[in-house]
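Have a look at the chain below.

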Amino acid sequence: MNPASGEFAYIDWLRRQTPSDGRLLIGPGDDCAALGLNPSAPVLVTTDMLMEGTCFRLTEAGPRLVGRKAMAVNLSDIAAMAGRPVAAVVSVALPRQNGRALAEELYWGLRDLADAFGTAIAGGDTNSWDGPLVIALTLLGEATARGPVRRSGAKPGDWLLVTGPLGGSILGKHLTFTPRVREALQLHALADLHAMIDISDGLAADVQHLCAESHCGAVLRAEAIPISDAARSIHDGRPPLEHALSDGEDFELVFALPAAEAQRLLGTQPV
């Protein structure tokens, strides 16, 4: 079979499966996607590449969860800036054997979260090779009227809060987490968020990133750090607190805001 005809057949299949979206002026099948974005809203762009053997094990996770994770990690970046996701483009390097079936399952995994967060899959690129699966996703989003929340705005005296318990993500959360897009938007509407970052490298490392960008330091109080049940269930000689600080891929949000607003949020628990 002509490889090109196989590619075009897959694109045709994608176009039939992809729902229409009013913001997507040109979708899969052309040289570029065209997006009708609000000219007054800054466009947010993020991208992540996931590689088999490093970011996931295909035989353990399965292609649907791999596709889901590829979408989720990018949605988490949009959440970290309190933005709204709009559209994604996806590129995959497929193993030659059984590549078409794998691509279809990846697509449905991508759609699981794309549909949940109103995100159009605008197109991308596919290729085949003799290596393992690689999937790269670029996500476009838009800032709210209050503007994007950056890493660089934390101030002395701010409190740091997180959106959920931490640690032990290797037991499954790194594949099944829900990106905190809705929570970020609600927090942004309710409070004066000075800075925010998603926890991909671990709480300690990502707080350090936030502090470096904000030119300030931070004190983390051990007794106040929420520890997940998964972290408490791991018996590897490391205490649960260490897992909560350093495991990574929790994809919760940690954010800085004035002390008075932090106390108010803790008292009302809006999310």
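Is Glu142 buried or exposed? Glu142 is buried, because its relative accessible area is 14% and the cut-off for buried is under 20%. Keep in mind that this is a predicted model.

**Glu142 and its surroundings**

Glu142 sits in strand E6, which covers residues 134–143. Pro42 is 100 residues away from Glu142 in sequence, yet the two C-alpha atoms are 5.5 Å apart.

**The chain as a whole**

The protein chain holds 10 helices and 9 strands. Its C-alpha atoms fill a box of roughly 65 × 50 × 30 Å along the principal axes. Take the contacts between residues at least 6 apart in sequence: 84% of them join residues at least 24 apart.

**Nonpolar cores**

The largest nonpolar core has 51 residues, and Met71 and Ile135 touch the most other members. Helix H3, residues 63–80, gives the largest share of this core, 9 residues. What does Met71 touch, not counting residues up to four places away in sequence? The partners are Ala88, Leu110, Leu113, Ala114, Ile121 and Leu137. There is also a second, separate core of 16 residues, with Ala154, Leu166, Cys216 and Ala256 among them.

**The largest pocket**

The largest pocket has a volume of about 750 Å³. Its lining counts 33 residues. Trp159, Leu160, Leu161, Val162 and Phe255 lie nearest the centre of the pocket. Four elements each supply at least two lining residues: strand E7 (159–162), helix H7 (203–214), strand E9 (253–257) and helix H10 (259–268). By class, the lining has 25 nonpolar, 5 polar and 3 charged residues.

Most residues other than glycine have a negative phi. Ala82 has a positive phi of about 55°, although it is not a glycine. Ala82 lies in the loop between H3 and strand E4 (83–95). Asn98 is not a glycine either, and its phi is positive at about 65°. Asn98 is found in the loop between E4 and helix H4 (99–116).

Which of these residues are buried, and which exposed? Ala82 counts as buried because its relative accessibility is 0%. Asn98 is exposed, with a relative accessible area of 55%.

His188 belongs to helix H6, residues 181–190. His188 counts as buried because its relative accessibility is 6%. Leaving aside neighbours within four places in sequence, His188 is in contact with Ala82, Thr144, Arg146, Gly147, Val149 and Leu193.

The table sets the accessibility values side by side.

| Residue | Relative accessible area | Class |
|---|---|---|
| Glu142 | 14% | buried |
| His188 | 6% | buried |
| Ala82 | 0% | buried |
| Asn98 | 55% | exposed |

How values were computed:
Residues are numbered from 1 along each chain as its sequence is written. This is a predicted model: local features need pLDDT of at least 70, side-chain atom pairs count only at pLDDT 80 or more; totals for chains, interfaces and linings use all residues. Side-chain values use heavy atoms; hydrogens and water are left out. On a 1 Å grid over the protein atoms alone, a cavity is a set of points where a 1.4 Å probe fits but cannot get out, and a pocket is an open set with protein on both sides within 12 Å along at least five of seven lines; lining residues have an atom within 4 Å of a point. Grid points are joined across faces, edges and corners, and a volume is the space filled by probe spheres set on the points. Ala, Val, Leu, Ile, Met, Phe, Trp, Tyr, Cys and Pro count as nonpolar, Asp, Glu, Lys and Arg as charged, and the others, Gly among them, as polar. A nonpolar core is a set of buried Ala, Val, Leu, Ile, Met, Phe, Trp, Tyr and Cys residues joined through side-chain atoms within 4.5 Å. Buried means under 20% relative accessible area, exposed over 50%, partly exposed in between (1.4 Å probe, protein chains only). Contact means heavy atoms within 4.5 Å.
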